[in-house]
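Please walk through this protein from its overall layout to its core and then to one of its helices.

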Amino acid sequence: MTIDDESIAVGGQPGWAGRDLTPLPYESEISCLMRFAWRNAINRAAFLRHFSLSKAHIVLDRQEFLEQTGWNLIGDGRSEVERELQWTQTDWVTRVFRHCPLCLEAGYHSFLFQCLQLQCCPLHHVELSSRCMWCSGTSPQIGGKELLAAPYRCMVCGRPLAGVMPNLDEHLALRAIESGLVRALEPYAEWSNNIHEIAIPRVQGLRRNGCSGDQSTWCDIGEFLRGVACRGMQPPLMCADRATTNVSS
Ligand SMILES: [Zn+2]
Ligand SMILES: [Zn+2]
């Protein structure tokens, strides 16, 4: 059930729920917004009426969001990866929402999951997926309207992308091991920063001068450039080790 903004207004101001479920380390903005919409049972239209600068696209008024909710989407945690998700062409990240099923069950998605070089969730060691667990349909675009219109759901079959909808107990359990989350993801955040500072400049000339057009018929240019750029800069943990990590222990 969704409720309209009029019904949650208290004294003319909305009384938002979930104020204590603030953004977690390395969390993507869309993950924060989905959790906020989920905990407040608001639909996309109600959300946009309160926080958006633009109704056609989600251009969020982050200052207004901070003042009304206490959730800081502005600050230091924003990364090169998230900035890159705004670019029109990129070889390093995908805009298709890529999730860890266990993290998403806890209402969490990291912007690091959008890095194409990263295959597994550093916390759970399970494979990241850009498909629905029910119908294998492709997940929505991270900057599109679908994820906020139907948080955590597949736009093809309507069922939960992760197999199940998020669970507040799972979310609180993740929040309780926040330091473990930081330990697991920090090396990947450093790695992605190094990629942006060192690896990407290495191949910018290749992308500009040679690797386009005809070459795309015989190789995946993006994969080629990632391979060249990231020589000696592989992600800290390779995914051969698929052991399930008991994060709560
Ligand atoms: Zn995970
Ligand atoms: Zn589906």
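Cys103 touches Tyr108, His109, Cys121, Leu123 and His124, leaving aside residues up to four places away in sequence; two residues are in contact if their C-beta atoms, placed from the backbone, lie within 7 Å. This is a predicted model, in which local features need pLDDT of at least 70 and side-chain atom pairs count only at pLDDT 80 or more, while totals for chains, interfaces and linings use all residues. Residues are numbered from 1 along each chain as its sequence is written, and chains are lettered from A and ligands numbered from 1 in the order in which they are written.

The protein has 10 helices and 4 strands; these are DSSP runs numbered from the N terminus, helices being H or I of at least four residues and strands E of at least two. Of its 249 residues, 31% count as buried, meaning that 20 or more other C-beta atoms, placed from the backbone, lie within 10 Å of the residue's own.

Cys103, Leu112 and Leu185 touch the most other members of the largest nonpolar core, which has 52 residues. Such a core is a set of buried Ala, Val, Leu, Ile, Met, Phe, Trp, Tyr and Cys residues joined through C-beta atoms within 7 Å. Elements giving it two or more residues include α2 (29-40) and α9 (178-209), and α9 gives the most, with 9 residues.

In α2, 10 of the 12 residues are buried, among them Ile30, Leu33 and Phe36. Ala41, with a positive phi near 50°, follows α2.
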